[in-house]
Amino acid sequence: MNVTEKALDSGWVVLSVSGRVDAQSAPALEERCQQVADRALRLALDMSQVHYISSAGLRVLFASLKNFRSRGGDLALV
């Protein structure tokens, strides 16, 4: 899995994810999402280059959504 980050003027942070999001890589994605949550309210996850996502990866997406919304923010998949 590879993750690149871009901050937009609109206040959104975009994490572009590529490769596999599985039990091995999911913790790293969760950490990156948490790092963004610590400094921004809106996260867009560009998953267009992800060719496999396991249940561990889906758990990260749901947990991150819950985290952002509990802070008054939002998370979007693109």
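A56 lies in helix α2, where helices (H or I, at least four residues) and strands (E, at least two) are DSSP runs numbered from the N terminus. The model is a predicted one, in which local features need pLDDT of at least 70 and side-chain atom pairs count only at pLDDT 80 or more, while totals for chains, interfaces and linings use all residues. Residues are numbered from 1 along each chain as its sequence is written, and side-chain values use heavy atoms, with hydrogens and water left out.

At 23% relative accessibility, A56 counts as partly exposed; the scale calls a residue buried under 20% relative accessible area, exposed over 50%, and partly exposed in between, with a 1.4 Å probe and protein chains only. Leaving aside its neighbours within four places in sequence, A56 is in contact with D22, A23 and A26, contact meaning heavy atoms within 4.5 Å.

**Helix α2 as a whole**

Helix α2 covers residues 55-70, which are 16 in number, and reaches 22 Å from its first C-alpha to its last, close to the 22 Å expected at 1.5 Å a residue; the expected span is 1.5 Å times one less than the number of residues. The buried residues of α2 are G57, V60, L61, S64, N67 and F68. They cover an arc of only 130° around the axis, which puts them on the same side of α2, the arc being that of the directions from the helix axis to the C-beta atoms. An α-helix has 3.6 residues a turn, so residues three or four places apart point the same way.

The face of α2 turned away from this buried side carries the exposed residues S55, F62, K66, R69 and S70. What covers the buried residues of α2 includes β2 (12-21), α1 (26-37), β3 (42-53) and β4 (74-77). Just after α2, G72 takes a positive phi of about 85°.

**Single residues of α2**

| Residue | Relative accessibility | Class |
|---|---|---|
| A56 | 23% | partly exposed |
| R59 | 44% | partly exposed |
| L61 | 11% | buried |
| N67 | 18% | buried |

L61 touches L45, M47, I53 and L77, not counting residues up to four places away in sequence. L61 and R32 are 29 residues apart in sequence, and their C-alpha atoms are 12 Å apart in space.

N67 is in contact with Q34 and A37 when neighbours within four places in sequence are left aside. The side chain of N67 also makes a polar contact with the side chain of R71 at 2.9 Å. A polar contact is a pair of N or O atoms within 3.5 Å; within protein, one must be able to donate a hydrogen and the other to accept it, and residues adjacent in sequence count only if both atoms are side-chain atoms.

At 1.5 Å a residue, the 12 residues of α1 should span 16 Å, and the end C-alpha atoms of α1 are 16 Å apart, which agrees. Buried in α1 are A26, L29, C33, V36 and A37. Seen down the axis of α1, these buried residues fall within an arc of 100°, so they line one face of the helix. Their cover includes β1 (2-7), β2, β3 and α2.

S25 is found in the loop between β2 and α1 and, at 10% relative accessibility, counts as buried. The side chain of S25 reaches the backbone nitrogen of D22 at 3.0 Å. Leaving aside neighbours within four places in sequence, S25 is in contact with M1 and R20.

**Rings and charges**

The charged end of R20 sits over the ring of Y52, 4.2 Å from the ring centre; a charge sits over a ring if NZ of Lys or CZ of Arg is within 6 Å of the ring centre and within 35 degrees of the ring normal.
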